[in-house]
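Colleague: I have not looked at this structure before. Could you take me through how to read it, one feature at a time?

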Amino acid sequence: MRIVGLTGGIASGKSTVSKLFKAQGIPIVDADIVARDALKKGTGGWKKVVDAFGDGILQPDGEVDRPNLGRIVFSNPDKRQLLNRLLAPYISSGIFQEILKLWLKGHKVIVLDVPLLFEAKMDKWTNPVIVVWVDRETQLNRLVSRDRITEEEANNKIDAQMPLDSKKDKADIVIDNTGSLDDLNEHLQNVLRVVNRPLTWSEFVLSRQGAFSAFAFVVVGVFVAKNIFKCRL
Ligand SMILES: CC(C)(COP(=O)(O)OP(=O)(O)OC[C@H]1O[C@@H](n2cnc3c(N)ncnc32)[C@H](O)[C@@H]1O)[C@@H](O)C(=O)NCCC(=O)NCCS
Ligand SMILES: Nc1ncnc2c1ncn2[C@@H]1O[C@H](COP(=O)(O)OP(=O)(O)OP(=O)(O)O)[C@@H](O)[C@H]1O
């Protein structure tokens with residue numbers, strides 16, 4: 001299975017690109033959705049975050065008030081690191097489970113949409129790594145209008161991530177999304193040719209997917225042995 005890494009800056013257009021991949025029948029693992037599930041009321045992540053940040057971050061229904069928590073962590077690097085540290089194990093295991101499910105369904109290509117792919121060092125598991133890039137001004141304008149926030153809040157969010165130009169330097173493929181949606185669609189057709197090509201052995205080994213496959217194989221083997229053949233392990 002080829003695991004394609006998709007990343008970029010906040011509001012650079014990852015979700016928009018993901019939708020185009022999905023329209024081509026390629027499944028997406030979206031880290032933002034996994035992270036949202038990890039913070040739902042009553043989960044382990046929710047408990048840890050409420051213990052650390054206090055119940056002032058909760059809405060009356062007990063769910064986390066996400067815009068409020070966002071304002072706290074995007075204006076304070078220490079609190080952001082704390083939140084990242086608390087949620088990281090739940091997010092990684094959620095992503096792993098999603099990949100495993102798609103692998104078991106026999107998908108040959110999947111896209112892993114992770115805003116913090118480089119920061120979390122998950123790029124090593126993916127090949128190729130696609131970075132959706134826009135210039136800072138376009139990014140700021142799109143973020144302000146999408147999230148209906150002030151320029152100051154938008155700048156805080158942008159600065160909370162590795163600079164987009166550094167991500168661009170680390171990319172195998174850069175999708176420049178400063179143009180129109182039609183331009184983006186056209187660019188994607190070239191990318192699809194690379195993504196749909198089977199992995200070579202060296203790509204397989206270098207992207208650590210060999211290790212992932214071996215691990216997944218063992219996990220599934222143990223599950224089958226325990227639950228179907230009732231072996232004692
Ligand atoms: C702070 C939270 C509650 C704000 O929620 P909100 O619904 O307003 O935003 P949402 O989750 O949709 O994130 C929007 C974008 O913000 C950026 N972002 C989110 N978390 C972080 C972070 N910790 N550091 C840098 N950028 C981040 C990403 O580009 C993401 O796509 C939420 O983002 C969160 O729980 N973040 C920590 C978990 C995490 O690291 N998520 C990123 C997935 S790898
Ligand atoms: N080529 C484009 N032209 C005009 N608007 C665009 C284009 N690409 C994306 N957008 C818009 O820009 C905004 C940000 O795009 P999107 O939500 O896909 O970014 P993202 O990288 O997924 O953001 P996040 O990191 O917050 O998840 C959205 O409102 C989207 O509709």
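Modeller: We can start with a ligand. Of the 16 residues around ligand 2, those that come nearest are Lys-14, Ser-15, Thr-16, Arg-142 and Arg-146. Keep in mind throughout that this is a predicted model.

Colleague: Which helices each supply at least two residues of the shell around ligand 2?

Modeller: They are helix H1 (14–23), helix H6 (136–147) and helix H9 (181–195). H1 gives the most to this shell, with three residues.

Colleague: How many nonpolar, polar and charged residues does the shell around ligand 2 have?

Modeller: The shell around ligand 2 has five nonpolar, seven polar and four charged residues.

Colleague: And what does the shell around ligand 1 have, by class?

Modeller: There the shell has 14 nonpolar, three polar and three charged residues. Of the 20 residues around ligand 1, Ile-10, Ala-35, Arg-66, Gly-70 and Pro-115 come nearest. Two or more residues of that shell come from each of helix H2 (31–37), helix H4 (66–74) and H5.

Colleague: Back to H6. How do I check a helix by its length?

Modeller: Compare the expected span with the distance between the end C-alpha atoms. H6 has 12 residues, so at 1.5 Å a residue it should span 16 Å, and its end C-alpha atoms are 16 Å apart, which agrees.

Colleague: What does H9 reach from its first C-alpha to its last?

Modeller: H9, with 15 residues, reaches 20 Å, close to the 21 Å expected at 1.5 Å a residue. H9 also bends by about 25° at Gln-189.

Colleague: What follows H6?

Modeller: Arg-148 follows H6, and its phi is positive, near 50°. As a general idea, most residues other than glycine have a negative phi, and most peptide bonds are trans. Arg-148 has its positive phi although it is not a glycine. Its place is in the loop between H6 and helix H7 (151–159).

Colleague: Is Arg-148 buried or exposed?

Modeller: The way to read this is to count C-beta atoms within 10 Å: 20 or more means buried, 12 or fewer means exposed. Arg-148 has 8 C-beta neighbours inside 10 Å, so it counts as exposed.

Colleague: Which other residue than glycine has a phi near 60°?

Modeller: Ala-11 has a positive phi near 60°. Ala-11 is found in the loop between strand E1 (2–8) and H1. Ala-11 has 25 other C-beta atoms within 10 Å, and is therefore buried.

Colleague: You mentioned peptide bonds. Where is one that is cis?

Modeller: Look at the bond from Asn-127 to Pro-128, which is cis, with omega near 0°. Pro-128 is found in the loop between strand E3 (109–113) and strand E4 (129–133).

Colleague: What does Leu-112 touch, not counting residues up to four places away in sequence?

Modeller: With those residues left out, Leu-112 touches Ile-3, Val-4, Gly-5, Leu-6, Val-29 and Thr-126.

Colleague: What about a case between buried and exposed?

Modeller: Take Lys-48, which lies in helix H3 (residues 44–53). Lys-48 has 19 C-beta neighbours inside 10 Å, so it counts as partly exposed. From Lys-48 to Lys-157 is 109 residues in sequence and 23 Å in space, C-alpha to C-alpha.

Methods
Residues are numbered from 1 along each chain as its sequence is written. Chains are lettered from A and ligands numbered from 1 in the order in which they are written. This is a predicted model: local features need pLDDT of at least 70, side-chain atom pairs count only at pLDDT 80 or more; totals for chains, interfaces and linings use all residues. Two residues are in contact if their C-beta atoms, placed from the backbone, lie within 7 Å. A residue is near a molecule or strand if its C-beta atom, placed from the backbone, lies within 6 Å of it. Helices (H or I, at least four residues) and strands (E, at least two) are DSSP runs, numbered from the N terminus. Ala, Val, Leu, Ile, Met, Phe, Trp, Tyr, Cys and Pro count as nonpolar, Asp, Glu, Lys and Arg as charged, and the others, Gly among them, as polar. The expected span of a helix is 1.5 Å times one less than its number of residues. The bend at a residue is the angle between axes fitted to the seven residues ending there and the seven starting there.
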